[in-house]
Amino acid sequence: MPFAPVNGTEVYYEVHGKGFPVVLAHGAGGNHLSWWQQVPVFQKHYQCITFDHRGWGLTIDPQDLGPAAFVTDLVGLMDHLEAPKFFCVGQSMGGFTSLGLALAHTGRVCGLVMANTFAGMRREVWLASSDDLRADAQAIWERRRITGIKRALSKEFSSNHKTLAFLYKQIRFLNENGPNRLHSESQIARLRALERLPEASASREALGQLALPVLFVGGEHDEVMPVPLMKVASSLIPNSSVTVVPGAAHSVYFEEPEIFNHICLEFLRNCMDVTQY
């Protein structure tokens, strides 16, 4: 199994296919296995790179740096792979890593897909939202907290695709029962706290200066990263757009893989057409 020596740890990664690199950055409920429906399709056109964030999957976090090291870890991995430029697809938490890298290392990320996420820019999105939008989002999050029902998959998907819903949980269990014994809730709390710090969160000015193409992909029923807030996020980045997938929740890549793959590949193809690498 390939591991890259990066920032005092060994980052687990996989490389599939040939061509211009596309990095797939998983969310808090996933790891490198999450992309099983993307890699076989993407690798026909690109070099696909999947990896485990430190503390997730097979990448341990010996210094307990947590999410604060995500961006430098990914930079180190891409340096290890001798990939100076690449595309990024960030799912939920992976958006924090992907956007953070694009902001900190101008020119390396040539196109960015923010899938079910505005992580890394949450502070500015909240400030830019109307009172009504904030109230609606708070009501959703409070209901999730009170009921304890925190669905990443839509209720309909879980009911109609029990085998796939089971697989989704099994992939997550690699984090919880693997070498890290991950406590997801505490790590997510660390990420939220990090995003509240001005120095660790994208500023309105920095977002406004992003020159690369950015595509936000949302799920109609996403209660973690609601579509109205994702649209606010898109409004803060000049060369960005939003695509909403009907019926899906917080995991479009898993629930609607054919649609997700088509959307992403079309976006990446357009990036290749208009940009010189």
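This briefing walks through the nonpolar cores, a central strand pairing and a few helices of the structure above.

The model is predicted, so local features need pLDDT of at least 70 and side-chain atom pairs count only at pLDDT 80 or more, while totals for chains, interfaces and linings use all residues. Residues are numbered from 1 along each chain as its sequence is written, and side-chain values use heavy atoms, with hydrogens and water left out.

**Nonpolar cores**

- The largest nonpolar core has 49 residues, and Leu77 and Met121 have the most contacts inside it. A nonpolar core here is a set of buried Ala, Val, Leu, Ile, Met, Phe, Trp, Tyr and Cys residues joined through side-chain atoms within 4.5 Å.
- Buried means under 20% relative accessible area, exposed means over 50%, and partly exposed lies in between (1.4 Å probe, protein chains only).
- Helix α2 (residues 70-80) gives this core its largest share, six residues. Helices (H or I, at least four residues) and strands (E, at least two) are DSSP runs, numbered from the N terminus.
- A second, separate core holds 32 residues, including Cys48, Cys110, Ala165 and Val217.
- Leaving aside residues up to four places away in sequence, Met121 touches Leu99, Glu195, Ser201, Ala202, Leu207, Phe216, Ala233, Leu236 and Ile237. Contact means heavy atoms within 4.5 Å.

**Helix α2**

- Eight of the 11 residues of α2 are buried, so this helix is largely enclosed by the rest of the structure.
- Those buried residues are Phe70, Val71, Asp73, Leu74, Val75, Gly76, Leu77 and Met78.
- Their cover includes β1 (3-6), β2 (9-16), β3, β4 (47-51), β5 and α3.
- After α2 comes Glu82, whose phi is positive, near 55 degrees.

- Strand β5 (residues 86-91) is largely enclosed by the rest of the structure, because six of its six residues are buried.
- Phe86, Cys88 and Gly90 point one way from β5, whereas Phe87, Val89 and Gln91 point the other way. In a regular strand the side chains alternate between the two faces of the sheet.
- β5 pairs with strand β3 (residues 21-25) in the parallel sense over four bridges, and Val23 has Cys88 as its bridge partner in β5. Two strands pair if DSSP finds at least two bridges between them.
- Six bridges join β5 to strand β6 (residues 109-115), and these two run parallel; Phe86 stands opposite Val109 in β6.
- From β5 the chain crosses through helix α3 (residues 93-104) to β6, and this β-α-β crossover is right-handed. That term applies if, with the strands pointing away from the viewer, the path from the first strand over the helix to the second runs clockwise.

**Helix α5**

- Helix α5 (residues 131-147) has 17 residues and reaches 24 Å from its first C-alpha to its last, close to the 24 Å expected at 1.5 Å a residue. The expected span is 1.5 Å times one less than the number of residues.
- Arg134, Ala137 and Arg144 are buried in α5. They cover an arc of only 95 degrees around the axis, so they lie on the same side of α5; the arc is that of the directions from the helix axis to the C-beta atoms.
- What covers these buried residues includes α4 (122-128) and α10 (227-235).
- The face turned away from the buried side carries the exposed residues Asp131, Asp132 and Ile146.
- Gly148 follows α5, with a positive phi near 75 degrees.

**Lysine 155**

- Lys155 is in helix α6 (residues 155-160) and counts as exposed at 53% relative accessibility.
- The C-alpha atoms of Lys155 and Asp131 are separated by 28 Å, and the two residues are 24 residues apart along the chain.
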